[in-house]
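Look at the sequence and the structure below, and keep both in view while reading. The text goes through them one topic at a time.

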Amino acid sequence: MRSIRTSTDLLALIMDNGVGQEMYQFAADLFPICRSITGDGVRETLRRMQQEVPLKIIEVPSGTDVFDWQVPLEWNIDGAYIEDAGGRRIVDFADNNLHVVSYSVPVDATLSLQDFDEKLYVDPRHDDWIPYRTSYYSQDWGFCLAQSVRESMRPGDFRVKIESRLEKGNLTYGELLIPGQSSSEILIYSHTCHPSLANDNLSGLAVTIWLAKVLLGRSNRYSFRFVWGPGTIGSLTWLANNESMLGKVKHALVCCLLGRPGALHYKQTPSGVSDIDELVACVLKDRGEDAVLLDFEPYGYDERQFCSPGISLPAGRISRLPNDQYPEYHSSADNMDLIRSSTLGESLDCLQAICDELDASKYYLNKSPKGEPQLGKRGLYDAVGGMSPKDRQLIMLWLLNQSDGVHSIQRIARRAEFDLDQLRSVAKELEGAGLLMDADTGQRGSTK
Ligand code: ZN
């Protein structure tokens, strides 16, 4: 495994998990904020993130077309409750922001229990957990409450109030470009839209912010672009705003669910054979992670948008246990007790190793790809550099055969079963002889 290129101090902090504790505290600070796909909670979150890294906050007006979608009205909420006839608050948004279905329209009414029973959501499997529900794209309202609380409600009239506002405003996302030696980019996306939920959302924000800090503190070959936006509509909006530059994106990685202990899961790109699939799998294997590789499916987080056929970015997703595999998912049990500073630290360490590997990915193009070029007439058969002539020739043939701009030099080395440094040295010779060129200067090749 290659050494991690961070300063000694930062590495020491990571080793004693000081960074894990910093990330945990950051998540704890953000936990109480009521976030949604738009609104002041997202702005407040991004401003807090801005205290850690110099991200730009971008506002996109409601009604803006983004492919087949539109940026919705902005949603904000001041309070909400259900009160019984005696004036006792059964459910109060002030206690937990999961109590209101996100994007609920305003309501102020006295209703009999049977009139609004269908607007009450519970988790029948867990008596005390409040489920998390949303209604972004259909005008509706509702309350989420513990099953035990629902069972305590007797037939009768209740005052039901939701003080929310749905108005023309903006969708807000954050973006940070860390320029590297190359203008080709590695895109990292993490969603920002969940209210008081720790693993599903805040862990991803914490780990990617600290990853950005590491990358800001060193020199990188590729440029790294971080985007923090709401799920689905955020990645769609970013893609629509940046469609003309997508050719520069070499690899993309969606990061989420990184604070709850559990095995790392890497979800592959649709082809399953993009370079990022191979590079991430090798990092996980080299580190001895007990990781799971998941086949692509068109369900999940923002990788769905990045991997849609008209966009077709080579986007994988890294998480720990995915959404459908941990019981606390989308409930009040996904709180600060569920995530661990040590797990956040380990996730960051692994993401750094993945970024190191992606940053080291080098791509060549064979400039004489029709048949094998004649090596003898260029003097390339001569023995040099302590490598046996036979090995050197074989490495040349592998490089020439596989240098199509989409197979990285790491991948070719593994397949050819030669040392990466040997391939690098022979690639330089072939470059000098005019037979290979750096593919990063050209367009992104097919990811298939
Ligand atoms: Zn979620």
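**A covered helix**

Helix H12, made of residues 409–416, is mostly covered, with 6 of its 8 residues buried. This is a predicted model, and the values that follow are computed from it. The buried residues of H12 are Ile409, Gln410, Arg411, Ile412, Ala413 and Ala416. What lies over them? The cover of the buried residues of H12 includes helix H8 (275–286), H10, strand S17 (364–366), helix H11 (389–402) and helix H13 (420–432). Just after H12 comes glutamate 417, which takes a positive phi of about 60°.

Most residues other than glycine have a negative phi. Asparagine 201 has a phi near 135°, a positive value in a residue other than glycine. Asparagine 201 sits in helix H6 and is buried, with a relative accessible area of 1%. Leucine 257, although it is not a glycine, has a positive phi of about 55°. Its place is the loop between strand S13 (249–255) and strand S14 (265–267). Leucine 257 is buried, with a relative accessible area of 0%.

The next topic is the metal. Which residues coordinate the zinc ion? They are His194 through NE2, Asp200 through OD and His330 through NE2, at 2.0 to 2.1 Å. Along the chain, the donors of the zinc ion follow the spacing H-x5-D-x129-H. Histidine 194 lies in the loop between strand S11 (185–191) and helix H6 (198–216), and histidine 330 lies in the loop between strand S16 (315–319) and helix H10 (341–359), so the pair ties together parts that are 136 residues apart in sequence. Is histidine 194 buried or exposed? Histidine 194 is buried, with a relative accessible area of 5%.

The largest pocket holds about 410 Å³ of space. It is lined by 19 residues, and those closest to its centre are Tyr136, His194, Thr232, Arg304 and His330. By class, the lining of the largest pocket divides into 8 nonpolar, 9 polar and 2 charged residues.

How many cavities of 30 Å³ or more does the structure hold? It holds 1. The largest cavity has a volume of about 50 Å³. Its lining consists of Cys34, Arg35, Trp75, Asn97, Leu98, Val100, Ser102, Tyr132, Arg133 and Pro195. Of these lining residues, 6 are nonpolar, 2 are polar and 2 are charged.

The last topic is the cysteines. A disulfide is a covalent bond between the sulfur atoms of two cysteines. A search of the whole structure finds 0 disulfides. Cysteine 193 is in no disulfide, and the nearest cysteine sulfur, that of cysteine 256, is 11 Å away. A disulfide is counted when two cysteine sulfur atoms are within 2.5 Å. Cysteine 193 is buried, with a relative accessible area of 4%. Cysteine 307 is in no disulfide either; the nearest cysteine sulfur, again that of cysteine 256, is 13 Å away. Cysteine 307 is buried, with a relative accessible area of 10%.

Technical notes
Residues are numbered from 1 along each chain as its sequence is written. This is a predicted model: local features need pLDDT of at least 70, side-chain atom pairs count only at pLDDT 80 or more; totals for chains, interfaces and linings use all residues. Side-chain values use heavy atoms; hydrogens and water are left out. Donors are N, O and S atoms within 2.8 Å of the metal (3.2 Å for Na, K and Ca); water is not among the atoms, so sites may look incomplete. Helices (H or I, at least four residues) and strands (E, at least two) are DSSP runs, numbered from the N terminus. Buried means under 20% relative accessible area, exposed over 50%, partly exposed in between (1.4 Å probe, protein chains only). On a 1 Å grid over the protein atoms alone, a cavity is a set of points where a 1.4 Å probe fits but cannot get out, and a pocket is an open set with protein on both sides within 12 Å along at least five of seven lines; lining residues have an atom within 4 Å of a point. Grid points are joined across faces, edges and corners, and a volume is the space filled by probe spheres set on the points. Ala, Val, Leu, Ile, Met, Phe, Trp, Tyr, Cys and Pro count as nonpolar, Asp, Glu, Lys and Arg as charged, and the others, Gly among them, as polar. Contact means heavy atoms within 4.5 Å.
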